[in-house]
Every structure is written in C-alpha cells, then in structure tokens.
Amino acid sequence: MQDILEAIMAAEGSAQPERDLAGLAGLPAPESYRGVVVRAEDTRMFDGMATRDKDPRKALHVQEVPTPELGPGEALVAVMASAINYNTVWTSIFEPLPTFKFLQRYGRLSELTRRHDLPYHVVGSDAAGVVLRTGPGVTRWKAGDEVVAHCLSVELEDAAGHDDTMLDPQQRIWGFETNFGGLAELCVVKANQLMPKPRHLSWEEAASPGLVNSTAYRQLVSHHGANMKQGDVVLIWGASGGLGGYATQMALNGGAIPVCVVSSPEKAELCRKMGAELVIDRSAEGFRFWKDEETQDQDEWRRFGERIRELTGGEDPDIVFEHPGRETFGASVYVAKKGGTIVTCASTSGFLHQYDNRYLWMHLKRIVGSHFANYHEAWQANRLVALGKVHPTVSKTYALEQTGQAAYEVHRNAHQGKVGVRCLAPTDGLGVRDTELRSRHESAINRFRGH
C-alpha cells in the first residue's frame, strides 16, 4: 500500500499527473488492505436499545482484510477519500436489519458474487481515488485514471433494468448491500460505477457528493423524480444537510424557489450562503408535528403551511423534497400544493410514515418514491460538480481510524453538509489538478468548512 500511495503522491504538483499515475499499472496489488468493517458476530450488540442510543463507534472497526480477485467488468481502486452516508449509520447500528442478510442474498446469485458473503462487511458508498487494476472486459477505464465512484451496483441481465437501471431486479447499493465498499484503502467496483474525478476538487471534496448529489438529482431534477421546472416552489427538509445541501443548490440553479427548512441559526446561515432567501428554522419557531409518539398535530401542519405562504407570497410548494420520513411526512403531504408532488427517499427519522390521505386524494397530490440514481443521472450530477455549477458540502474530515466518530456525529445530527473520511490521503487538500477553476469557486467550495 505504501508503494501505491507514494506513486499517487508523486503526481502532486506534477505538470503531467496522468503520465505519473499511469505507472500504477506496474505495481502489484496488495494481498490485503485496511477497511472499515462491521462484524457478523456483533449484530445483536444493540438489542433492546433505542435507535438514538446505539453507538456506531462500538460497531465500526478498522481491520486488515484480504484483497478480493477481480471479476469481469470490475475495477480495483486505491481510495484516497470517502464520506459518511446514512446507510453507513444504519449498517453500524444494524437497522432496519443487519446488512449480512444482503450479503448472503447476493452471495447466492453466482459463483462470482459468493465473494461478498463474508463474516465481515467493508462498508462505504462513496469513493474518490485512482484505478489500480481492471478486470476482463473493461475498456473505458485503465490504471492511473482518477475517478469517483457512484454506488449503484447492477447485473443488467434482466430486461427490466434496460429502461431505467434502478429497476433492475439485481439493483443494489454498493458498500451497503454489497461488500468491498469505499471506507477503505482499496475498493472493488463495477466499471460502470466509475466517473471522472472533478479536477478542481481535492480528494475528500470529490468523494463527498457521489451518493447524495446523485440522489438529489434524480429526486428533484430527473423525470423519474419530481421533474422540477423554473419557478417551482420547492420545500427542502434538512436543507443544509448532506442531501438537502445539494437539493438547495439544484433548486437555485434550475430557477426554482427553495424554501429551506433547518434546525438551527447556523444551518439557516449556510442556506443563505448558498443563495437561498426563504428559510425556516423549525427549532427557533417551535414546530412540533407530533403531540406524542402516536398522535400528529394537524394544527402544527396548518401553522407550518401558513409560514410557507408567508414567505412565498401566498404559494404552496409545488414539490416537497422529503427524506426525514416519519417525523415530517404528515406535514409534507398537507403543505404540498394541490396537484403537487411529494418526492421521498430514505427515512432518517423512521420508516413508517403516517399521513392524512384526504389531503393527498382530494387534492390530487402525488407521492413519488425515489432511490439513488441510474448511471446517466449520476453522471449528469457529477458533471455539474465538474463544471463548478454544484459545489461539495464538506464540513469536516476524519482519518480512516476515526470513521466510527464520523458516523456517530451523522447519527446524532451533529454535523453540517457531508463528513469526509481520508482513506489513503494523508492530509486534506490533495489531488487538485485545475487550480484556475478552483480559484473561481474557492469560497463556495469551502462554505461548509468548519461548521
């Protein structure tokens, strides 16, 4: 691993980094590498505990694991940086079920996928790094290419996946429903997960948009999601968070009018720094959508709707960008415009949603389920980053050994934007190739830093 890192670091400050990195093809692949894992033997460790009290730091371990053999259509990537997503939090607290169930199911698919069914799970669904090896049949990518990886893993042997890849019966999220994920020194991906690394970003910045930026793109912009248009009022929950921070940027770029919902003055200020003018600090304004564990407060729904109209000049949201889930979903259905769309992914506050169907059915609203993105959508989302139209939202970074702490902060919502993890990269700020483009967007790239 040290030889690989030295070869990558030699490209820092080089006039021809591509030429220098091409030399990686001559280095042997390590027999093992360090990865962040959960262990099958630990899956009952939090039994009987409330979700909030489960501690990712107790379940996530950094350990040496064998390097798997590459199969056809796969690539081995030296991971310079990765990032924390909610799926890693869920994996680490074994909710809604241990991910070893996913690995066992995948392992039964073929002789090749059997590699994934192990008593440990290398987690992580983001990565930025350098290609080391490619398996048979890979022609687009080669050793030395600087890449980011999106997290859609598909087999594409079924006709259902060829209209929208997300509908493939064997669609999985890499590093969550498959093994050999990105929170590690090496990772194994399918070649059609790879995209060019944005040249003006550092490794940790380039790693952070992948999952959430692609998810926001499909959810908000794509015709598979809300199909946002100019002038749409878009209510964005958690608008300064890992997912909402990209939704806010896309709404602004697309000529929409974001109404950003946050939970602190600091988060409200981050939304304004992104260019949003309409912000609701739900904590400061005391919005509580549940009277108790069983009963929602419809008076609060109405008060929330009135606050939105106050900000928009009397308009209800055309689109509600949903991801908190149980805590907010009833309010989301209520406040959406007649004929409007509630587009939902994830459920960070709970998977069992409750809402009053009268406000959906009688007002002709739609609920659209959205899950990650297909390759085309992920590529388009990455292109916006590469062009400097959408910027990373990294607030802080941790070393690989501190991944448990990073996941803990995301679990407790004690973070802003995205939390990055340095895997092979020894420090922040490495990997920038286009300094001119970076200089034009430096303040936007760094606006979440330190929060």
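Predicted model: local features only at pLDDT ≥ 70, side-chain atom pairs only at ≥ 80, totals over all residues.
The side chains of Arg115 and Glu74 make a polar contact at 2.8 Å.

Now zoom out one step. Arg115 sits in the loop between helix H5 (100-107) and strand E4 (120-122). Is Arg115 buried or exposed? Its relative accessibility is 19%, so Arg115 counts as buried, the cut-off being under 20%. Show the neighbours next. Leaving aside residues up to four places away in sequence, Arg115 touches Glu69, Leu70, Gly71, Glu74 and Phe180. Then draw a C-alpha to C-alpha distance from Arg115 to Leu103. The two are 12 residues apart in sequence and 9.2 Å apart in space.

Next stop: Val343. Select strand E15, residues 341-344, and find Val343 within that strand. Val343 has a relative accessible area of 0% and is therefore buried. What surrounds Val343? Not counting residues up to four places away in sequence, Val343 touches Gln219, Gly225, Ala226, Ile319, Val320, Phe321, Glu322, Val368 and Ser370. Pick Ser370 from that list. Val343 and Ser370 are 27 residues apart in sequence, yet their C-alpha atoms are 6.7 Å apart in space.

Now turn to helix pairs. Select H7 (residues 210-221) and H13 (residues 375-386). Their axes lie 8 Å apart, and the packing angle is about 115°. H7 and H13 are therefore roughly perpendicular to each other. The crossing of H7 past H13 is right-handed. Show side chains at the contact. On H7, pick Asn213, Ser214, Tyr217 and Arg218. On H13, pick Glu377, Ala378, Gln380, Ala381, Asn382, Leu384 and Val385. Colour this set by residue class: five are nonpolar, four polar and two charged.

Last stop: H4 (residues 86-93) and H14 (residues 403-411). At what angle do H4 and H14 pack? The angle is about 105°, with the axes 9 Å apart. H4 and H14 are therefore roughly perpendicular to each other. Select Tyr86, Val89 and Ile93 on H4. By class, the contact of H4 with H14 has five nonpolar residues, one polar and no charged.

Technical notes: Residues numbered from 1 in each chain as written. Heavy atoms only, no water. Axes fitted to C-alpha atoms, helices over the stretch in contact; angles between N-to-C directions. Helix = DSSP H or I, 4+ residues; strand = E, 2+ residues; numbered from the N terminus. Parallel < 35°, antiparallel > 145°, perpendicular 65-115°, else oblique. Left-handed = near helix turned anticlockwise from the far one by under 90°. Contact = heavy atoms within 4.5 Å. Nonpolar A, V, L, I, M, F, W, Y, C, P; charged D, E, K, R; others polar. Buried < 20%, exposed > 50% of the residue type's maximum accessible area, 1.4 Å probe, protein only. Polar contact = N/O pair within 3.5 Å; in protein donor to acceptor, adjacent residues only side chain to side chain.
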